[in-house]
Amino acid sequence: MSSEEEVTKGTVRTGYVSAGGYAYKVRRVLYAQLKHLVQTGKVDTKEVARAAGYLNTLLYHLAVEQMGFSKSDALRITVNYSVRNGVIEWDLDSLKVEMFKRVEDDQVSKALSMAKKAIEGQYPEEEGPATD
């Protein structure tokens, strides 16, 4: 490794995104972050697509195949990367995937009914606690 080798580091952060749309978001964020390197010819667009594809394949296996997520569930993905000699390298040790599974409406309705019964009589005239 030469002492003059240029290394660019970055972090992909998707924010909350549906499990059905994370792949597009990862690709879009990575392209946006590396736009200046692509424009100067330091990174090829095919390399950005390859790196995004690799990460998206890994995330698919994790979220869908291992965790059973559906398109309506949500993820928040954070991962570091570096660019060396035009090659994007993921720091998979830094990969953090927060997963949020959707609860069906009927389950929430049943739980709400039970919660209402549990606090019944604690508040006069169904006023409930002050929210100010």
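E47 forms a salt bridge with R50, with the closest N and O atoms 2.7 Å apart. Both residues lie in helix α3, three residues apart, which is about one turn of the helix. The model is predicted. Its three strands form an open sheet in the order β1-β2-β3, with antiparallel pairing. The largest nonpolar core has 24 residues.

**Salt bridges**

- A search of the whole structure finds seven salt bridges.
- R50 is partly exposed, with a relative accessible area of 39%.
- E98 forms a salt bridge with R76, and their closest N and O atoms are 2.8 Å apart.
- That pair links distant parts of the chain: E98 sits in strand β3 and R76 in strand β2, 22 residues apart.
- E98 is partly exposed at 22% relative accessibility, and R76 is partly exposed at 26%.
- R84 forms a salt bridge with E89, with the closest N and O atoms 2.7 Å apart.
- R84 is partly exposed, with a relative accessible area of 23%; E89 counts as partly exposed at 35% relative accessibility.

- β1 and β3 are the edge strands, and each pairs on one side only.
- Neighbouring strands of the sheet are turned by 15° against each other on average, direction ignored.
- β1 and β2 pair in the antiparallel sense over ten bridges. Within this pairing, K9 has S82 in β2 as its bridge partner.
- β2 and β3 run antiparallel and are joined by ten bridges.
- R76 has E98 in β3 as its bridge partner; these two residues also form a salt bridge.
- T78 stands opposite K96 in β3, and N80 stands opposite D91 in β3.
- The hairpin of β2 and β3 has two residues between the strands, and N85 takes a positive phi near 50° there.

**Helices on the sheet**

- α1 packs on the sheet and touches β1, β2 and β3. The direction of α1 makes about 150° with that of β1.
- α3 lies across β2 and β3, running at about 35° to β3.

**Nonpolar core**

- The residues with the most contacts inside the largest core are V12, L30, L34, Y81, V83, I88 and W90.
- β1 (7-18), α1 (22-33), α3 (45-66), β2 (74-84) and β3 (87-100) each supply at least two residues of this core.
- α3 gives the largest share, six residues.
- V83 touches E6, V7, T8, L34, L37, V43 and I88, not counting residues up to four places away in sequence.

**Aromatic pairs**

- A search of the whole structure finds two aromatic pairs.
- The rings of Y81 and W90 have their centres 5.8 Å apart and their planes at 75°, so this pair is edge-to-face.
- Planes over 60 degrees apart count as edge-to-face.
- Y81 is buried, with a relative accessible area of 5%.
- W90 is buried too, with a relative accessible area of 13%.
- Y81 and W90 are both among the residues with the most contacts inside the largest nonpolar core.

Conventions: Residues are numbered from 1 along each chain as its sequence is written. This is a predicted model: local features need pLDDT of at least 70, side-chain atom pairs count only at pLDDT 80 or more; totals for chains, interfaces and linings use all residues. Side-chain values use heavy atoms; hydrogens and water are left out. A nonpolar core is a set of buried Ala, Val, Leu, Ile, Met, Phe, Trp, Tyr and Cys residues joined through side-chain atoms within 4.5 Å. Buried means under 20% relative accessible area, exposed over 50%, partly exposed in between (1.4 Å probe, protein chains only). Helices (H or I, at least four residues) and strands (E, at least two) are DSSP runs, numbered from the N terminus. Contact means heavy atoms within 4.5 Å. Rings of Phe, Tyr and Trp (its six-membered ring) pair if their centres lie within 6.5 Å; planes under 30 degrees apart count as stacked, over 60 as edge-to-face and the rest as tilted. Two strands pair if DSSP finds at least two bridges between them. Axes are lines fitted to C-alpha atoms, for helices over the stretch in contact, and angles run from 0 to 180 degrees between N-to-C directions. A salt bridge is a side-chain nitrogen of Lys or Arg within 4 Å of a carboxyl oxygen of Asp or Glu.
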